[in-house]
Amino acid sequence: MASKDSQNQKPGRLPGFLPGSTDPDQHCRAASSPPRKQARQQPHDRQPSRFLPTLDLIIIHQQVELLGMILGTETSNKYEIKNSLGQRIYFAVEESICFNRNVCSTLRACTLRITDNSGREVITVNRPLRCNSCWCPCYLQELEIQAPPGTIVGYVAQKWDPFQPTFTIQNADNEDILKIVGPCATCGCFGDVDFEVQTVDEKITVGKISKYWSGFVNDVFTNADNFGIHVPADLDVTLKAAMIGACFLFDFMFFEHSLAGL
């Protein structure tokens, strides 16, 4: 009877363990269930939770595409994502059709795949083909954020405003969580361009997304842009992932052409 009671109690204790903690009865079940336990852990390994929870500054550096500079054509964008020490933690690559890049230019539909240093994809950013004009308020820019890939955690949506670039960060249910407001002029004449991240009511500033001025020569003759995301270290990782996606969107919309980055 005692053995039956103990077997009935084991399932009730398992939900109390945190993910990754040691189960005191693990040695009793190791022989019967290791494949199932490994299968359940694989999705968690792909979540962007290894670095993002501790970061209060995320640096995004676009790599220079020499082939595009020489031929004058649009090539797929590539970005290094670094911490405040300049150490690379992720790498992002754009997937798009050559025809779209050269015909639709900065409005093109694309997918950005973000991988860690081991090559595992941890975040997917999907951008559909949409308008980029205050005269078309019904079909403005939008991004879909998946983290891990296949699981939608939020969106970055442009809001109509005739004077300032305005965006919202939404959860998976399309509910507004944060608001991003940019300057009236995004040309950044010899200085940084800051997009403030605020609460939806615009009463509290949570952080900012900055496009760093790289110098006259770099901004005029290359498409390489540098961004910085300043956020509280304890901000939810899904919101940090959405802000990384917002950086990519801002680069396409405002700074993709070299002369626009002045």
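Modeller: What follows is a walk through the salt bridges, pair by pair. The model is a predicted one, and the count of salt bridges in it comes to 7. I begin with Glu80, whose side chain meets that of Lys82 in a salt bridge with an N to O distance of 3.6 Å; these two residues, together with Arg88, are linked in a network of salt bridges. Glu80 has a relative accessibility of 16%, and because buried means under 20% relative accessible area, Glu80 counts as buried.

Another pair is formed by Glu95 and Arg113, whose closest N and O atoms are 3.0 Å apart.

The salt bridge between Lys179 and Glu202 has its closest N and O atoms 2.4 Å apart, and it links distant parts of the chain, 23 residues apart, with Lys179 in strand 9 (residues 176-181) and Glu202 in the loop between strand 10 (193-199) and strand 11 (205-212). Here the two partners fall into separate classes, since Lys179 is buried with a relative accessible area of 19%, whereas Glu202, at 42% relative accessibility, counts as partly exposed.

Methods: Residues are numbered from 1 along each chain as its sequence is written. This is a predicted model: local features need pLDDT of at least 70, side-chain atom pairs count only at pLDDT 80 or more; totals for chains, interfaces and linings use all residues. Side-chain values use heavy atoms; hydrogens and water are left out. A salt bridge is a side-chain nitrogen of Lys or Arg within 4 Å of a carboxyl oxygen of Asp or Glu. Buried means under 20% relative accessible area, exposed over 50%, partly exposed in between (1.4 Å probe, protein chains only). Helices (H or I, at least four residues) and strands (E, at least two) are DSSP runs, numbered from the N terminus.
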